[in-house]
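Subject: Handover of a structure and the findings from it

Dear colleague,

Please find below the structure that I am passing on to you. My findings follow it, arranged by topic.

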Amino acid sequence: MTTVHEATATAIATAASAKLSVWPTSTTEPRHGDLAVGGVSLAEVADRFGTPVYVLDEAEVRDRCRTYRDAFPDTEILYAAKAFLCRAMAHWVDEEGLGLDVCSAGELELAVTTGFPPERITLHGNAKSPRDLETALRLGVGRIVIDSPSEIARLAAAVGPHGHQKVMVRVVPGISAGGHEKIRTGTDDQKFGLSIADGYAQHAIARILDQPQLELTGLHCHLGSQITSVKPYLAAVRRIVGLMARLHEQHGLLLPELDLGGGHGIAYRPGEPALDLTALARKVRAELADACATSGLPVPHLIIEPGRAIVGPAGVALYHVLSVKHTGSYTYVAVDGGMSDNPRPALYGVRYVPRLIGRHSSAAPALVTVVGRHCEAGDILAADVELPADVRPGDLLAVPVAGAYHLSMASGYNLVGRPPVAAVRDGIARLLVRRESLEDIRSRDVGL
């Protein structure tokens with residue numbers, strides 16, 4: 001029989017586990033008030049590298065790559081580099097057997113010069129520059145995704161009459177999905193892709209077929225970001241297979257590839273939903289097989305492009321508190337970072353759950369708003385969150401789920417410099433990306 005003491009202990013352990021549910025799986029609390037990730041104290045990381053600093057759990061990144069490989073064994077998985085990219089990240093993704101999805105010559109050059117095989121890279125972008133295309137062709141990327149009609153002639157000319165390049169076409173299936181209107185890309189009222197409904201996609205495909213140096217391997221779509229339901233992906237499969245069937249009827253074309261993009265949603269706070277990868281894999285495969293059977297088509301090779309879902313939960317951002325201000329009924333806790341290292345709350349209203357670390361507090365929780373140091377009223381990292389009532393300058397705050405779209409979207413606002421990235425694994429912390437210094441900023445300023 002369970003005693004009252006045992007039941008209480010279990011309840012406490014369950015509550016503690018729930019609070020850490022959005023943290024890297026290696027997160028432990030070695031003592032009251034401290035957290036360790038990858039066997040390394042976060043307070044020690046802050047002492048060693050300063051703040052703000054991004055901490056990335058290498059084992060978590062690798063485990064999430066393997067989770068995708070296990071869930072989608074017959075699928076080509078491309079890591080979406082826009083979420084976060086550095087040389088170490090490219091190396092980990094390569095070693096775990098994933099391909100890469102890049103959006104610029106910069107991302108492409110960094111990956112290839114790190115040793116990433118270019119044939120396992122796909123180049124995206126709604127407005128690729130001449131340099132993007134030249135770099136992709138020079139380095140020999142596996143695929144280029146055509147996003148607008150004007151790219152067709154430009155790319156064909158760049159390839160040359162005797163060249164060859166595999167391409168896909170990004171189509172818009174007319175499906176609204178995603179966590180915020182600014183990250184929904186499957187509808188006709190945004191800048192990406194070519195619409196199926198108005199015939200632009202079909203017209204572009206016909207033009208590509210007239211370019212012998214361009215090999216159309218399949219269709220691509222990306223519905224948006226932070227999608228937590230399987231249903232939009234199933235609807236996309238049906239509509240794209242329907243287009244494939246019409247292309248077969250009109251051109252005798254059998255396309256061997258279908259890229260469903262990414263956008264797989266993750267939880268930023270305990271209790272929030274996340275996309276079920278096992279259900280996604282099972283239901284997408286079944287829907288694809290059924291749709292192709294109905295249309296009399298062979299099942300195309302499936303490609304997916306997770307980014308946030310691989311690196312987001314593996315990251316933690318650390319900040320020191322600079323001031324605590326009481327204004328009317330509000331308490332503002334200002335930290336030494338903000339929208340220059342994480343613009344997502346200002347852009348999309350994303351909500352995080354910061355936590356006091358580095359010391360144990362027995363004070364009751366108080367409702368506060370964690371704000372940044374920048375000259376902008378919208379510089380808010382976390383609104384209406386609970387922190388100990390005795391939070392004070394010098395305290396250390398940790399923000400989980402900070403691996404995706406933090407450094408990659410960081411800016412030079414107020415010339416504070418972008419934070420460093422430190423990797424942790426097996427009790428060791430090492431620097432991956434150094435802090436942007438005043439000298440870095442000054443050296444770019446060549447005029448007077």
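Strand 3 (53-57) and strand 13 (315-327) each contribute at least two residues to the lining of the largest cavity. Strand 3 gives the largest share, with three residues. Please bear in mind that this is a predicted model. The volume of the largest cavity is about 70 Å³, and its lining is made up of Tyr-54, Val-55, Leu-56, Phe-84, Gly-315, Val-316, Ala-402, Gly-403, His-406, Leu-407 and Val-421. By residue type, that lining comprises eight nonpolar residues, three polar and no charged.

A search of the whole structure gives four cavities of 30 Å³ or more. The second largest cavity has a volume of about 50 Å³. Around the second largest cavity lie Met-244, Leu-253, Leu-254, Leu-255, Leu-297, Pro-298 and Pro-300. Its lining consists of seven nonpolar residues, with no polar and no charged ones.

I turn next to helix 3. This helix covers residues 58-71, 14 residues in number. From first C-alpha to last, helix 3 reaches 20 Å, which is close to the 20 Å expected at 1.5 Å a residue. The N-terminal end of helix 3 is capped by Asp-57, with a side-chain oxygen 3.1 Å from the backbone nitrogen of Ala-59. Which residues of helix 3 are buried? They are Glu-58, Glu-60, Val-61, Arg-62, Cys-65, Tyr-68 and Ala-71.

The aromatic residues deserve a separate paragraph. A pair of aromatic rings is described by the distance of the centres and the angle of the planes. The structure contains three aromatic pairs. One of them, formed by Tyr-68 and Phe-72, is stacked, at 6.2 Å centre to centre and with 15° between the planes. Tyr-68 and Phe-72 are both buried. In another pair, the ring centres of Tyr-268 and Tyr-352 are 5.5 Å apart and the planes stand at 85°, so this pair is edge-to-face. Tyr-268 belongs to the loop between strand 11 (257-259) and helix 10, while Tyr-352 belongs to the loop between helix 12 (344-348) and strand 15 (355-357), so the pair ties together parts that are 84 residues apart in sequence. Tyr-268 and Tyr-352 are buried as well.

Two individual residues remain to be described. Ser-340 is located in the loop between strand 14 (330-335) and helix 12. Is Ser-340 buried or exposed? Its relative accessibility is 3%, so Ser-340 counts as buried, the cut-off being under 20%. The side chain of Ser-340 is joined to that of His-374 by a polar contact of 2.8 Å.

Ala-293, in turn, is part of helix 10 (residues 277-295). Ala-293 has a relative accessibility of 60%, and because exposed means over 50%, Ala-293 counts as exposed. How far apart are the C-alpha atoms of Ala-293 and Gly-50? They are separated by 58 Å, and the two residues are 243 residues apart along the chain.

With kind regards

Technical notes
Residues are numbered from 1 along each chain as its sequence is written. This is a predicted model: local features need pLDDT of at least 70, side-chain atom pairs count only at pLDDT 80 or more; totals for chains, interfaces and linings use all residues. Side-chain values use heavy atoms; hydrogens and water are left out. Helices (H or I, at least four residues) and strands (E, at least two) are DSSP runs, numbered from the N terminus. Buried means under 20% relative accessible area, exposed over 50%, partly exposed in between (1.4 Å probe, protein chains only). The expected span of a helix is 1.5 Å times one less than its number of residues. A polar contact is a pair of N or O atoms within 3.5 Å; within protein, one must be able to donate a hydrogen and the other to accept it, and residues adjacent in sequence count only if both atoms are side-chain atoms. Rings of Phe, Tyr and Trp (its six-membered ring) pair if their centres lie within 6.5 Å; planes under 30 degrees apart count as stacked, over 60 as edge-to-face and the rest as tilted. On a 1 Å grid over the protein atoms alone, a cavity is a set of points where a 1.4 Å probe fits but cannot get out, and a pocket is an open set with protein on both sides within 12 Å along at least five of seven lines; lining residues have an atom within 4 Å of a point. Grid points are joined across faces, edges and corners, and a volume is the space filled by probe spheres set on the points. Ala, Val, Leu, Ile, Met, Phe, Trp, Tyr, Cys and Pro count as nonpolar, Asp, Glu, Lys and Arg as charged, and the others, Gly among them, as polar.
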